[in-house]
Amino acid sequence: MLFRARKNHKDYGQNKEKCLTDLDEFRKSVGTFSSDLTAILQDDNDIHSAAVAVEEKYRRIRNFLSEHSEELKPLDHSFQLVLAEADKDFESFDRSSDAADFNEAKKTLTDLSKLLGAVVAVMEDLPMIESSLTTALPRDIDACEKQYEEMLKGDYDLSDMDVPSKIASMRERVKKLQDQLVYLDTTGAYDTINKIQDEITDILARFQEEVEARKTFLGSQSSLSDSSYEIEKRYSSLMNSLPNYQATYVLSEEEVSAMDALKNDIEGIGFLKRQLD
């Protein structure tokens, strides 16, 4: 009996030691599991918190498109492509995050955030730019061309302005910018629009200068004609009196030559006047 008691006591000690070892391993396993679970939950929380900001960009774009649907009608297809791509990326993000593949979910979210962020960065400018390219500039270019044609019918000489090639260049640049805007790319848009508007303003200003110059000329034409006629009349009277002067006074050849030179000047004035007429 004493031997059996000693043996049982020994087994108890061994079993206790094993139990303590197993218990320690269990505690370590629970601790590791808890740490892993905490990390997973933290990653899940972080990734979904980040997704909120991206979803806000998405909502801003949708709301902006709805509010400016009329001005952005030519660009609606471009916006719909972006939003459709975003929908796919959100679905991919959900699948990755549900599978706890947070690295893939983060990559998808980062790429999507860049895409939507690029749209948000330019969308406030798009209505004005699109309106300028589809309405304001074509209207102003057409008006400039119409005025040019009317002035040609009015016998204005505008050949030095090279208006047709300038108008063709402006229309080409508008079309190029419209094609660029399909990709929601506004690079250089304001500079191009402002430059075209300045060119139109310069051309119209030149037209006005031509109109004012003609008015000034026509307003002074009668006095110019009267002055020219009076000069010719007085010179003719002097030339007719010249033989009488020569009979009474001795005129040097130099004085007679001066009279002849004056005649050439007066005839030149008459020729210029006829050209102006």
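1. In this predicted model, the charged end of R214 is placed over the ring of Y156, at 3.8 Å from the centre of that ring.

2. Y58 and F90 form an edge-to-face pair, with 5.5 Å from centre to centre and 90° between the planes. Since Y58 belongs to helix α1 and F90 to helix α2 (residues 76-98), this pair ties together parts that lie 32 residues apart in sequence. Both Y58 and F90 are buried.

3. The rings of Y148 and F207 have centres 6.4 Å apart and planes at 25°, so this pair counts as stacked, the cut-off for stacking being planes under 30 degrees apart. Y148 lies in helix α4 (residues 126-153) and F207 in helix α6 (residues 189-248), so the pair ties together parts 59 residues apart in sequence. Y148 is buried, with a relative accessible area of 13%, and F207 is likewise buried, at 0% relative accessibility.

4. A51 is found in helix α1 (residues 2-67) and is buried, its relative accessible area being 2%. Apart from neighbours within four places in sequence, A51 is in contact with F93 and L109. The C-alpha atoms of A51 and T110, which are 59 residues apart along the chain, are separated by 9.3 Å.

5. Helix α3 (residues 102-123) contains 22 residues and reaches 31 Å from its first C-alpha to its last, which is close to the 32 Å expected at 1.5 Å a residue. Its buried residues include F102, L109, L112, L116 and M123; of these, L109 is one of the contacts of A51 noted above.

Key: Residues numbered from 1 in each chain as written. Predicted model: local features only at pLDDT ≥ 70, side-chain atom pairs only at ≥ 80, totals over all residues. Heavy atoms only, no water. Helix = DSSP H or I, 4+ residues; strand = E, 2+ residues; numbered from the N terminus. Expected span 1.5 Å × (residues − 1). Buried < 20%, exposed > 50% of the residue type's maximum accessible area, 1.4 Å probe, protein only. Contact = heavy atoms within 4.5 Å. Phe/Tyr/Trp six-rings, centres within 6.5 Å; stacked < 30°, edge-to-face > 60°. Lys NZ or Arg CZ within 6 Å of the ring centre and 35° of its normal.
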